[in-house]
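Here are a few notes to read with the model open beside you. Take them one at a time and find each spot as you go.

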Amino acid sequence: MAEAVVGLLVVKLGMALAKEALTFGGALLYKEVAALRRLFGKIRDSKVELESMQAYLQEAEQFKDTDMTTAIFVGEIRGLAFQIEDAVDELTYKLEEVKHRRGFAAKMKKRLKNIKTWRRLAAKLHEIEAKLQNAKRRKKDYSIGRSVSVAGSTNQGQALHFTKDKDLVGIEENRDRLIWWLTGGGDDGGDDDLEQRSSKVTTVWGMPGVGKTTLVAHVYNTVKVDFDAAAWVTVSKSYCLEDLLKKIAAEFSIAVDVTNIEMRGIAESIHNYLQGKKYILVLDDVWTARVWSEIRNVFPTSGCIGRFVITSRNHEMSLLATRESAIHLEPLQEHHSWLLFCKGAFWNNDDKECPLELQNLARNFIAKCQGLPIAIACIGRLLSCKPPTSAEWENVYRGLDSQLAKDVIPDVDMILKVSLEDLPYDLKNCFLHCAFSPEDYVLKRRTIMRQWIAAGFIREKGGYRTLEEVAEGYLAELVNRSLLQVVERNYAGRLKHCRMHDVIRLLALNKAKEECFGEVYNCSAAGAFSVVGARRISIQAENLEQLSRSGATHLRVLHVFKGYINVDLLMPILTSSNLLSMLDLQGSRINMLPNEVFNLYNLRYLGLRYTEIESLPEAVGRLQNLEVLDAFGAKLTYLPNSVVKLKKLRYLYALGSGEAYTIGSIGGVKVPNGMHLLAGLRALLCVKASPEFLREVGALIELRTFSVCNVRSEHSAYLSNAITKMSHLVHLEIIAAAENEVVQLEGVHLPRTLSWLGLSGQLDKASIPQLFSSWSYLNGLTRLQLAFSNIDEDTFSCLHVLRGLHFLELINAFEGKRLDFYAESLPKLRFLHIWGAPQLNEVRIAEGAMQNLIELWFGFCPELEFLPDGIEHLRALEKLRLVDTSEELIEKLRRQRDSDECSENEMKISHIRNVTVRLRHKRLLERIR
């Protein structure tokens, strides 16, 4: 990991040297110029030396566990690299500090003082250079002569591989047993009706990495559509009962105010919601039987069907299973290990067969793994990236063996070591950064990408890919290597949420601490938690009493993951952490930032998402290096005038939470004049429209995401002109000032890059055909959301020209009585949601229309008395949801479900696996298929 530190530092040194000419230009004093010239010379020397050392460090990493001399040397290099980073960051800080001195005399006084600083930093770098040479000499003098090139790059391509469903091996019997227990009913000799009306607990237990979660996830995804309610909850080792119940409620989509309700109230809400339903709950990675004993009475047992699946590494958990419903998952047999290995190593070959000349080596690899699926898949993935030759495979085997001197192949720690060593240094930093989130934390793609960029982990590749594209590629690579698990993909199949497995996270945190990357404060250790020397801290406890409040001078990143913390206890850390580059207070219940934050001149990321912050002071303009200002979901109503000074800003999010399906409640912010100066912005939302702002925003041609609210008819010309200039837009949202406000878009030329378009406000009915027709070239437009658009039967048909749509959502947008979908219309559409169509009474779907539709929702359509005519043609449809359609239609479907006769409606929807109805005024929510 030392090469990750050095690699990041080399990039930072390059950035510092890029400012050299500009710095000299601003220097007024001869002595200042001389001191700066010597300092930059030392920085340049350090950069050259470290660049030469990077390749060696990457190869040395694999031997440091077995060669103490190498380990000591690598540790020395890492420490010296941190010292160089401290010097360069102090230079950046001091240069910024001068800019904020008011008055000529004050600036000159500071410059004179800084001459001593520049000389001190140059001397420090000279001293570090001498220490580096001494370390190299000692390494040469005391080395035992082992050549690190023998197994060079042996770990390339290694990945911790959680097998995909299509590659599952050796689970068929357990899979079928589990499916039968969950859906097929009882044990031999039991009463079927009684069994179906009771609760059943199934447990899957075994050693870490044996595939418990993989097996259960496969079965869960197969059977959950047959249940009225389904939830998957991962239970952390240090779980809190109240938090666990909140997670269960959230996964069941139970609407409770978790911030204001007591634990007993949450339990009652879960119980009442599940009463009378057929439901399934998976509790993954349970460490103690106490978990089940504490929550079992929350779930109803009479008049309903409850199925529980518990996975654990502990044998005691198997005793919780109903009768014989326990599975002990053991390592794979030899023939299954062989199949899994071949699927991984030769995944790109049609026959998935191992060549004869490699079979002995393959068996050696398999023997090392001892049937552990996670190890087999990981090594297979590594070998799939290598040429299939004996020489290459022997190289890999020798390198792998060097990591297994203590013969710990079953230990997943080995898998993580090998996987990490194979990662490029920037990916290593990205991976370890993810580990600083709490257990079971869902990582959002956009948030994690922004943090990586602000941390300096992402570099442009060849000038043809943006930082965002590189970051998304890194995230995809970590998922591909199974170091992160996919939680959810969006409507277009793009990664939306992911998480790090608890075991991997634990090992990654150990690695991060060992490599001085950072630490987690969770109030679990005895005595004070020292921040001395720490570079990253993740605070995951509300009690900060054990957190020492001094010695944080090296701190670069501070994450806070708890809402109710005493910010005053963070003040000493913020005061001493002048070089902090990332401060994330997401979700913290704070309403004002400490003044100390605005002295953090190196700050690049300020996370205020979902805080109680109502305003920002003018002092925010002092944060000249800020790249991300994320106040999404905070309570800001305006931005200070000084925000236009933040020339390096790439992302500006300031959107308050509003009421669903209303326009006036959208919490946009008022911005000052001069927004055109923020030329590097990639994302800007959500801003209240004004003629001044709309005239300026057209200069922000790098925008990818843009959201504007409070738009009025008189703004149309300004808005059209601005959007036409935004040639890179991907996500555009325009929100009118009121529901009856007409938004004129006839002059807007939308860029071909546009993927997500949201329009809230009336459209001029006469111009709708021409408007939609003018968008037919937008082949990349995959999601369209229209609200209050005043569309009728004739104008709706104009939407059919948008043949690339995957998701179409109409919210109070359709005013007609009949919806027609013609043959071959909307061929790629997968999700169709119609909300708030008060006159809609007929839907006709021609054969051949929407052939890829998987989800169809009708909500708040009180006149809709019949199922869509032609719904039987939608053969791909998986989910139909009817919310507050005519009561007659819903009651008819309920009666026909309970009838022995097969009605016409039943025939129409017989191919749909999930049909749910809801009447809010009757508090009815029911799945009828």
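1. Just after helix α10, G276 takes a positive phi of about 80 degrees. Keep in mind throughout that this is a predicted model.

2. Now look at α10 itself, which covers residues 263-274.

3. Which residues of α10 are buried? They are G265, I266, A267, I270, Y273 and L274. An α-helix has 3.6 residues a turn, so residues three or four places apart point the same way.

4. Next, turn to helix α17, residues 425-434. Why can we call this helix largely enclosed by the rest of the structure? Because 10 of its 10 residues are buried, where buried means under 20% relative accessible area. The buried set includes Leu and Phe residues such as L427, F431 and L432, but D426, K428 and H433 are in it too.

5. C434 of α17 is buried, and it turns up again in the lining of the largest cavity. How many cavities of 30 Å³ or more are there? The count comes to three, and the largest has a volume of about 50 Å³. Besides C434, its lining is made of S437, P438, E439, D440, Y441, L443, R499, M500 and R505. Sorted by class, that lining has five nonpolar residues, one polar and four charged.

6. The second largest cavity holds about 40 Å³ of space. Around it sit L732, I734, L745, V748, L750, L757, L759 and W775. Two strands, β18 (731-736) and β19 (756-760), are the elements that give two or more residues to this lining. What classes of residue line this cavity? There are eight nonpolar residues, with no polar and no charged ones.

7. Who are the neighbours of β23? On the one hand, strand β21 (residues 807-811) runs parallel to β23 and is joined to it by five bridges. Here I811 has W835 as its bridge partner. On the other hand, β23 pairs in the parallel sense with strand β25 (residues 855-859), again over five bridges. W835 shows up in this pairing as well, standing opposite G859.

8. Follow the pairing onward from β25. Five bridges join β25 to strand β26 (residues 879-883), and the two run parallel. L856 stands opposite L880 of β26. Then β26 pairs with strand β27 (residues 914-919), in the parallel sense and over five bridges.

Note on methods. Residues numbered from 1 in each chain as written. Predicted model: local features only at pLDDT ≥ 70, side-chain atom pairs only at ≥ 80, totals over all residues. Heavy atoms only, no water. Helix = DSSP H or I, 4+ residues; strand = E, 2+ residues; numbered from the N terminus. Expected span 1.5 Å × (residues − 1). Buried < 20%, exposed > 50% of the residue type's maximum accessible area, 1.4 Å probe, protein only. 1 Å grid on protein atoms, 1.4 Å probe; cavity = no way out; pocket = protein on both sides within 12 Å on 5 of 7 lines; lining within 4 Å. Points joined across faces, edges and corners; volume = space filled by probe spheres on them. Nonpolar A, V, L, I, M, F, W, Y, C, P; charged D, E, K, R; others polar. Pairing = 2+ DSSP bridges.
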